[in-house]
Amino acid sequence: QVQLVESGGGLVQPGGSLRLSCAASGSISIISSFNTMGWYRQAPGKQRELVARITRGGTTGSVDSVKGRFTISRDNAKNTVYLQMNSLEPEDTAVYYCNLRPRYGNDYWGQGTQVTVSS
């Protein structure tokens, strides 16, 4: 089993920045093997959507709406993935969830952290 704990959410004004962190713990065999970690978000009344993801080897991908504003990174030594969010917009308001997708088996999810962009 794997546990994911997110931190770094909060209230920020439009144009501001936040950095989300997600620390993985638990099964070393899952965490240290090939996997993809990512961030999803879910706004009120909308479906959960992928924001950005990164493989253990460092290959990244992100949704078009955040390109140029959000950057995903990971520190394999700390089993942690980060999401640096700049130039935040009200449309970015959502609960952000950390995800770990192993090569085999089910996905793991964090409990979510609220990001609110408002003046």
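Begin by selecting Thr 36: its relative accessibility is 18%, so Thr 36 counts as buried (buried means under 20% relative accessible area, exposed over 50%, partly exposed in between, with a 1.4 Å probe and protein chains only). This is a predicted model, in which local features need pLDDT of at least 70 and side-chain atom pairs count only at pLDDT 80 or more, while totals for chains, interfaces and linings use all residues. Residues are numbered from 1 along each chain as its sequence is written, and side-chain values use heavy atoms, with hydrogens and water left out.

Thr 36 lies in strand β4, residues 35–42. Strands (E, at least two residues) and helices (H or I, at least four) are DSSP runs, numbered from the N terminus. Show what surrounds Thr 36: not counting residues up to four places away in sequence, its contacts include Arg 53, Thr 55 and Asn 99 (contact means heavy atoms within 4.5 Å).

Next, select Tyr 96 in strand β9, residues 94–102. Tyr 96 has 0% relative accessibility and therefore counts as buried. Leaving aside neighbours within four places in sequence, Tyr 96 is in contact with residues including Glu 6, Trp 39, Phe 70 and Val 115. Its side chain makes a polar contact of 3.0 Å with the side chain of Arg 41, and reaches the backbone oxygen of Asp 92 at 2.6 Å. A polar contact is a pair of N or O atoms within 3.5 Å; within protein, one must be able to donate a hydrogen and the other to accept it, and residues adjacent in sequence count only if both atoms are side-chain atoms.

Now select Cys 22 and Cys 98, which are joined by a disulfide with an S to S distance of 2.1 Å (a disulfide is a pair of cysteine sulfur atoms within 2.5 Å). The pair links distant parts of the chain, 76 residues apart: Cys 22 is in strand β3 (residues 18–26) and Cys 98 in strand β9. Both Cys 22 and Cys 98 are buried. The torsion about their S-S bond is about -85°, so the disulfide is left-handed.

Finally, colour the four strands of the open sheet, which run in the order β1-β3-β8-β7 with antiparallel pairing. Two strands pair if DSSP finds at least two bridges between them. At the edges stand β1 (2–7) and β7 (70–75), each with a single partner strand, so one side of each has no neighbour in the sheet. Zoom in on β7 and β8 (residues 80–85), which pair over six bridges. Ile 72 has Leu 83 in β8 as its bridge partner.
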